[in-house]
Amino acid sequence: LLKMAVTRKCLPSVLLMLNATIPNELRWRSPKTRGLAESPRPSLSLCLAIVGMILESANEATRYFLNLRDEDSCLPYWFSIDDQTRLALSILSIHGKFVVLQEPEVRSWALEKLKDEVHSSVDFNNVQSDLPSEWLKEIVTGAFCNAGCDIGLGFDSSVLRKSEAFESTRDEYNSCYRQDMLRIENLLNPQKNSGGLDYDLLIAALLILVQRDEKWRDGTSIPTQILLNAVCDKAGRKTGIDQKFIFDGATMMRLCALSENYQATAFLIGGKNGIILECADIIISNLGLSMNEAELLLFAGSVNEMKDFVTRIYRKVQIEKKQFAEFFPSESQQHLLWLLEQYSMNVRKYGEFNAASNSMRVNPVFAGRVCFRAWICLTQPSNKESSAKWLEKWLRNKLGLNNGVSSKRLACAALVRILLWADEASGLELTDGDEEPLLAVLLGLNGRFMAELAHACCGMIESIPFHLADEIMSGLGGSNLFFFESELLNA
């Protein structure tokens with residue numbers, strides 16, 4: 001019947017006929033009762049089989065089908081069925097695509113169910129959910145399949161599996177989840193003319209799966225949190241693909257914050273605030289602090305306040321000590337090193353120092369201060385000396401610093417601003433007499449190393465806080481950057 005309808009171009013009429021003759025089978029509901037006898041409900045498999053045949057018949061069949069109205073209630077099809085039927089039909093796969101999920105009314109219903117689930121899981125922890133985890137997993141898979149992503153085709157089965165030999169080595173960053181995010185980045189690229197990824201459905205469903213500590217797909221090697229982070233990092237970016245559905249970033253950010261998933265929130269926000277949240281998540285997970293306390297340590301409080309707070313922490317908190325023959329950074333410290341290299345030590349342009357506060361670009365000086373503050377918070381007093389030696393060796397290696405010479409002069413300038421100048425947010429003046437400790441001192445870095453670092457960027461105005469540059473140049477009698485640099489180089 002359906003083949004004939006497609007051939008003769010009368011599919012809408014045939015669907016109307018089916019809607020009139022088998023309305024209960026199409027909607028998985030019991031027929032109207034007659035007398036005292038109860039009519040049994042048709043089987044769900046029969047309903048799915050019939051609907052599946054209809055949707056497979058033609059590309060436009062999905063829209064025609066959802067436009068059908070129930071003769072009793074006069075409601076459109078989707079609003080004439082119960083939630084159990086909707087759960088089953090919304091994840092119906094037709095030729096590898098979840099076509100029903102792409103229709104506006106179905107997507108809106110699914111999003112409302114997901115948002116309600118996030119709210120209820122926060123407000124009522126013990127309430128039984130009406131959203132099965134299997135349905136959530138299918139929603140995630142469906143979003144990837146609809147966008148034509150490689151991850152939807154199962155190419156993720158071994159992407160993050162590591163050999164025992166690799167696990168036994170202590171290569172830097174091998175425990176940083178940012179590395180895992182980079183490994184799966186290409187698997188998330190949608191195909192052209194696919195309508196792009198439905199970020200709203202993906203983020204909401206993954207958030208709930210993370211809360212339930214569930215895998216997003218059975219047999220996958222990609223942790224659910226890593227996938228959520230990667231999706232959030234990708235959301236809202238320009239991809240050159242026309243999005244079928246506009247991303248509601250504000251709502252998704254509220255859901256992430258409500259779930260207290262700071263990693264996902266950090267990648268959604270991005271920029272300066274994203275770095276703060278990412279480091280705050282590390283502090284909170286390691287030291288059990290509140291968000292307000294973590295923000296005080298990372299940027300809101302002065303260096304003196306941070307120093308006093310950290311001292312009090314290690315008087316009260318007992319943190320497990322790992323016995324190694326020599327110091328090696330923890331997983332959290334490896335993550336900080338990745339951020340430090342990414343944002344402060346890969347500076348290639350002068351303009352990166354001028355990143356506006358509301359820009360998605362991250363100022364290398366600000367990012368470095370936050371990372372080094374977090375490093376200080378995670379370093380136990382008993383490990384300060386050994387960690388400082390390790391950190392100095394790592395910095396020398398990354399900068400190629402030897403006898404005060406480095407090819408990465410901009411990176412050296414950024415580190416000088418970070419380590420050898422007091423916090424610029426406090427409005428430092430050259431005549432200030434306050435004894436604000438430098439981060440280099442708190443880290444325990446060697447004086448010779450810091451001297452070599454300063455020498456490597458000698459003559460670069462980027463090594464001096466911008467609000468002091470005019471004062472310094474006027475003191476030298478110069479009026480421009482070139483005069484300032486030549487005076488220092490000739491000194």
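Reader: Leaving aside its neighbours within four places in sequence, which residues is A454 in contact with?
Author: In this predicted model, A454 is in contact with V416 and L420, once neighbours within four places in sequence are set aside.

Reader: Where is A454 found?
Author: A454 belongs to helix α23, which covers residues 447-456.

Reader: Does A454 count as buried, exposed or partly exposed, and why?
Author: Its relative accessibility is 30%, so A454 counts as partly exposed. Buried would mean under 20%, and exposed over 50%.

Reader: How far apart are A454 and R417, in sequence and in space?
Author: The two residues are 37 residues apart in sequence, and their C-alpha atoms are 9.5 Å apart in space.

Reader: R417 is in α21, I see. Which residues of α19 and α21 meet?
Author: From α19 there are P364, V365, G368, R369 and F372. They meet A414, L415, R417, I418 and L419 in α21.

Reader: At what angle do the axes of α19 and α21 cross?
Author: The axes of helix α19 (residues 364-378) and helix α21 (residues 409-419) cross at roughly 55° and come within 9 Å. That angle makes α19 oblique to α21.

Reader: Is the crossing of α19 and α21 left-handed or right-handed?
Author: The crossing of α19 past α21 is right-handed.

Reader: Now another pair. How do α18 and α20 pack?
Author: Helix α18, residues 331-343, packs with helix α20, residues 384-399, at an angle of about 30°, and their axes are 12 Å apart. The two helices are therefore roughly parallel, as angles under 35 degrees count that way.

Reader: Which residues meet there, in α18 and α20?
Author: L337, L340 and E341 are the residues in α18. In α20 they meet W390, L391, W394, L395 and K398. The crossing of α18 and α20 is right-handed.

Reader: Let me step back to the chain. How many helices and strands does it have?
Author: The chain has 25 helices and zero strands.

Reader: And what share of its residues count as buried?
Author: Of the 491 residues, 50% count as buried. The accessible surface of the chain comes to about 24,900 Å², and 51% of that belongs to carbon and sulfur atoms.

Reader: Among contacts between residues at least 6 apart in sequence, what share joins residues at least 24 apart?
Author: For the chain, that share is 70%.

Reader: Back to single residues. What does S133 touch, beyond residues up to four places away?
Author: S133 touches L209, R212 and E214. S133 is found in helix α8, residues 133-147.

Reader: Is S133 buried or exposed?
Author: S133 counts as buried, because its relative accessibility is 15%.

Reader: What about N19: where does it lie, and what does its side chain contact?
Author: N19 lies in helix α2, which spans residues 11-21. Its side chain makes a polar contact with the side chain of R27, at 2.9 Å. Neighbours within four places aside, N19 is in contact with L26, R27, L68 and R69.

Reader: Is N19 buried or exposed?
Author: N19 is buried, with a relative accessible area of 4%.

Reader: Last one: which side chain makes a polar contact with that of D180?
Author: That is the side chain of R183, at 2.5 Å. D180 is placed in helix α10, residues 177-184, and at 13% relative accessibility D180 counts as buried.

Note on methods: Residues are numbered from 1 along each chain as its sequence is written. This is a predicted model: local features need pLDDT of at least 70, side-chain atom pairs count only at pLDDT 80 or more; totals for chains, interfaces and linings use all residues. Side-chain values use heavy atoms; hydrogens and water are left out. Helices (H or I, at least four residues) and strands (E, at least two) are DSSP runs, numbered from the N terminus. Buried means under 20% relative accessible area, exposed over 50%, partly exposed in between (1.4 Å probe, protein chains only). Contact means heavy atoms within 4.5 Å. Accessible areas come from the Shrake-Rupley method with a 1.4 Å probe; for residues, only the protein chains shown count as cover. A polar contact is a pair of N or O atoms within 3.5 Å; within protein, one must be able to donate a hydrogen and the other to accept it, and residues adjacent in sequence count only if both atoms are side-chain atoms. Axes are lines fitted to C-alpha atoms, for helices over the stretch in contact, and angles run from 0 to 180 degrees between N-to-C directions. Angles under 35 degrees count as roughly parallel, over 145 as roughly antiparallel, 65 to 115 as roughly perpendicular and the rest as oblique. A crossing is left-handed if the near helix is turned anticlockwise from the far one by less than a right angle, and right-handed if clockwise.
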